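Subject: Model handover

Hello,

Please find the structure below. My notes on it follow.

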Amino acid sequence: MNDAAATVRTTYREALRAALRDALTRDERVFLMGEDVGRYGGTYAVSKGLLAEFGDERVRDTPLSESGFVGAGIGAALNGMLPVVEVMTCNFSLLALDQIVNNAATLRHMSGGQFSIPLVIRMATGAGRQLAAQHSHSFEGWYAHIPGIRIVTPATLEDARGMLWTALMDPDPVIMFENALLYNLEGELAADAGPVDINRAVVRRAGQDLTLVTYGGSLGKTLAAAEVLAAQGVQAEVIDLRTLRPLDMPTVLGSLAKTHRMVIVDEGWKSGSLAAEIMARVMEEAFFDLDAPVARVCGVEVPIPYPKHLEEAAIPQVAGIVATALRTVGHHA
Amino acid sequence: MEAGTLVEWRIKPGDAVTRGQVVAVVETQKGAIDVEIWDSGIVDRLVARPGAKIPVGEVLALLRGDGKTAAPPATTPSAIAPTAVTAPVPSAAQSAADRQKISPSARRLAQELGVDLATVQAQTADGVISRADIERAAATAKPAAVAPAAGDWRAQMRKAIAAAMARAKREIPHYYLATDIDVTPLLAWLAAENAKRSVVERLLPAVPLMKAVALALREVPELNGFWIDGAFRPSSAVHLGMAIAMRGGGLVAPAIHDADRKTCDELMAALRDLITRVRGGRLRSSEMADPTVTLTSLGEQGVAQVFGVIYPPQVAIVGLGRIRERPWVTAGTVAVRQVLTASLAADHRVSDGHRGALFLAALDRLLQAPETLAEKA
């Protein structure tokens with residue numbers, strides 16, 4: 001039927017919307033809820049048009065109360081629904097942290113497996129839009145600390161289109177972090193694109209000189225850096241983690257076993273971060289594969305600044321990734 | 001030797017090991033030696049801790065047979081050499097400041113490729129040795145650098161030599177024989193042979209001499225073996241102990257195994273390898289334990305003749321002096337020939353001068369037909 005090679009020009013935002021529309025169509029238990037998701041069409045315009053298409057039972061605007069509507073989503077999931085809850089940005093999700101960490105993440109375990117919470121929470125993350133500190137932080141690494149929830153970070157059109165349904169089918173809570181700079185990402189997507197695996201990291205570019213590990217909003221910058229490195233004779237392998245919890249370490253370590261050098265690119269702060277966790281696991285599981293210390297390109301440890309030049313300086317950029325990668329392969333005389 | 005200090009394990013529990021594999025490094029009076037394992041199997045448990053001084057015969061590790069769960073057979077260093085003789089005992093830990101910076105991966109690669117880290121130079125300003133440096137070192141196979149110097153091991157080694165040689169002179173009734181051998185044909189053959197070879201493949205004169213000594217020993221088995229518990233135990237294999245001087249004093253005499261069965265090229269490779277590792281302080285336990293006879297060549301130092309002292313429990317030592325031009329009378333005519341004085345010191349409890357003389361005669365005869373040495377196995 002469908003020509004496998006047929007593609008459509010689309011954006012990350014449209015791919016997310018297509019995923020929502022697909023989920024709402026596939027299963028009547030699915031509904032979307034959050035601040036301004038209905039009449040306004042979503043703060044980032046992801047759910048634009050869905051209210052008219054599916055009605056206000058299934059696309060629900062909520063009060064400005066993260067704890068309230070995330071808790072409602074957990075309750076709905078406990079009672080057999082498949083809720084998709086949108087939290088405007090991860091910065092505001094901290095108001096719902098009690099619901100997420102103390103309820104969503106624990107109830108399966110505390111009930112001896114009697115309760116499932118097939119909930120998906122979507123939230124925007126990351127800096128770069130001059131929205132200042134209270135709208136620009138990256139907390140996915142924090143959430144990845146919590147057992148009982150799965151953390152996914154779509155970084156491509158395919159994953160924006162495909163991760164939602166797979167996440168809804170997971171019987172446990174899944175939080176999807178959408179880097180806000182990606183919403184306008186434009187490209188070709190297979191016309192028949194559908195659900196994708198959310199267990200595995202993916203090698204987005206193959207190379208043998210070093211491994212660049214990243215995810216989400218930093219993937220594009222890291223691929224651009226790999227391009228610059230290639231021009232200088234350094235072949236970087238780029239891994240998109242895709243899922244931050246549980247981490248797909250076999251893919252990461254498999255690449256390291258080939259390249260023996262690694263740089264981790266993570267917009268989050270270094271201290272106690274996801275990048276730190278990956279380094280720790282490399283030490284535990286692959287110490288003898290290392291030919292150089294693992295290096296990190298992370299967010300500078302300040303609240304994300306408002307001025308454009310300072311904001312850019314505070315998060316990973318192509319030049320910084322290239323410089324760190326060159327230092328890491330610097331032992332090659 | 002009564003005890004050794006475990007320096008490091010080269011295996012870990014769960015590893016599959018095969019007979020002859022190097023499993024540990026043990027520091028002895030004769031230096032740091034690589035201990036080989038005598039059974040194949042799976043490493044079940046490492047009993048001895050690195051740094052511990054362990055009596056000979058003590059259990060070092062437990063093995064289980066392939067795929068089985070039982071864990072009895074033990075690895076012990078007891079098979080290491082009868083008595084202490086020689087060799088360096090490199091002093092243990094270097095201070096943190098002196099410690100070479102080596103990436104973990106490079107360190108493991110060096111182990112896998114048998115590269116002596118002391119010989120590797122980092123190519124970059126930060127001085128960290130990386131995989132590329134190890135690969136380069138393995139490719140060029142540079143000779144090893146001198147083992148870490150310390151006054152301590154030299155004194156230890158001298159003590160070990162003193163003990164072994166005093167025992168030899170106290171217990172072994174030596175008899176001595178020597179003969180002059182015309183090696184002109186040998187040198188002519190060697191020159192022709194080397195002309196055909198690239199520089200790296202060339203043979204040293206020592207190589208056909210080793211081969212001839214090994215073959216001659218097969219003809220007189222009373223010179224090849226051990227005197228143990230009041231009886232001679234001949235050896236069917238000829239493991240030629242090569243006396244090799246250490247830089248800065250002392251010597252070791254590790255074995256070249258089955259020297260009589262090796263071709264000249266194999267002997268040359270074995271000799272080069274042995275000398276490299278002697279100077280790098282990395283010998284294997286079987287090389288230290290196995291020599292069935294010793295060969296010592298002091299010709300390079302200019303001496304005409306060697307009167308050897310037997311290394312117990314061996315029963316003979318063959319000495320080679322300098323090759324020099326001498327007037328040589330054949331059939332009533334004086335000619336200038338290249339002449340070598342070969343000597344034998346042998347244990348009179350095992351053999352008599354008659355047998356020793358037959359050995360030197362055989363050596364002479366073999367050296368007159370050098371072209372046959374190359375092939376003979």
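Chain B has a mean pLDDT of 82, and 85% of its residues reach 70 or more; pLDDT is the predictor's confidence in each residue, on a scale from 0 to 100. Two stretches of chain B fall below 50. One is residues 68-96, where the pLDDT is below 50 and the model has 94 contacts beyond near neighbours in sequence. The other is residues 142-150, also below 50, with 23 contacts beyond near neighbours in sequence. Two residues are in contact here if their C-beta atoms, placed from the backbone, lie within 7 Å. Where pLDDT is low, the predicted coordinates should not be read in detail. For the complex, the predictor gives an ipTM of 0.73 and a pTM of 0.56.

This is a predicted model, so local features need pLDDT of at least 70 and side-chain atom pairs count only at pLDDT 80 or more, while totals for chains, interfaces and linings use all residues. Residues are numbered from 1 along each chain as its sequence is written, and chains are lettered from A and ligands numbered from 1 in the order in which they are written.

The two chains

Chain A has 13 helices and 14 strands, and chain B has nine helices and 20 strands. Both kinds of element are DSSP runs numbered from the N terminus (helices: H or I, at least four residues; strands: E, at least two). Of the 333 residues in chain A, 50% count as buried; in chain B, buried residues make up 40% of 377. The cut-offs rest on C-beta atoms placed from the backbone: a residue is buried with 20 or more other C-beta atoms within 10 Å of its own, exposed with 12 or fewer, and partly exposed in between. Among chain A contacts with a separation of 6 or more, 79% are between residues 24 or more positions apart. For chain B, 65% of the contacts between residues at least 6 apart in sequence join residues at least 24 apart.

Between the chains

The contact takes 11 residues from chain A and 11 residues from chain B. On the chain B side, the elements that give two or more residues are helix H1 (104-113) and helix H2 (131-140). H1(B) gives the most, with four residues. By class, the chain B side has four nonpolar, five polar and two charged residues. The classes are nonpolar (Ala, Val, Leu, Ile, Met, Phe, Trp, Tyr, Cys and Pro), charged (Asp, Glu, Lys and Arg) and polar (the others, Gly among them).

Helix pairs

Two packed helices are described by the angle between their axes and the distance between the axes. Axes are lines fitted to C-alpha atoms, for helices over the stretch in contact, and angles run from 0 to 180 degrees between N-to-C directions. Angles under 35 degrees count as roughly parallel, over 145 as roughly antiparallel, 65 to 115 as roughly perpendicular and the rest as oblique. A crossing is right-handed if the near helix is turned clockwise from the far one by less than a right angle, and left-handed if anticlockwise.

H1(B) and H2(B) pack at about 20 degrees with their axes 8 Å apart, which makes H1(B) roughly parallel to H2(B). Their crossing is right-handed. Ser105(B), Ala106(B), Leu109(B), Ala110(B) and Leu113(B) in H1(B) meet Arg131(B), Asp133(B), Ile134(B) and Ala138(B) in H2(B). These residues divide into six nonpolar, one polar and two charged.

In chain A, the axes of H10 (residues 249-259) and H11 (residues 274-286) come within 11 Å and cross at roughly 65 degrees. H10(A) and H11(A) are therefore roughly perpendicular, and their crossing is right-handed. Their contact has eight nonpolar, no polar and two charged residues.

H9 (residues 219-231) and H13 (residues 318-328) of chain A pack at about 55 degrees, with axes 9 Å apart, and are therefore oblique to each other. H9(A) passes H13(A) in a right-handed crossing.

One buried position

Val152(A) lies in strand E6 (residues 150-152) of chain A. Val152(A) counts as buried because 29 C-beta neighbours are inside 10 Å. Beyond its neighbours within four places in sequence, its contacts include Met163(A), Ile198(A) and Arg242(A). Val152(A) and Gly216(A) are 64 residues apart in sequence and 8.9 Å apart in space, C-alpha to C-alpha.

Regards
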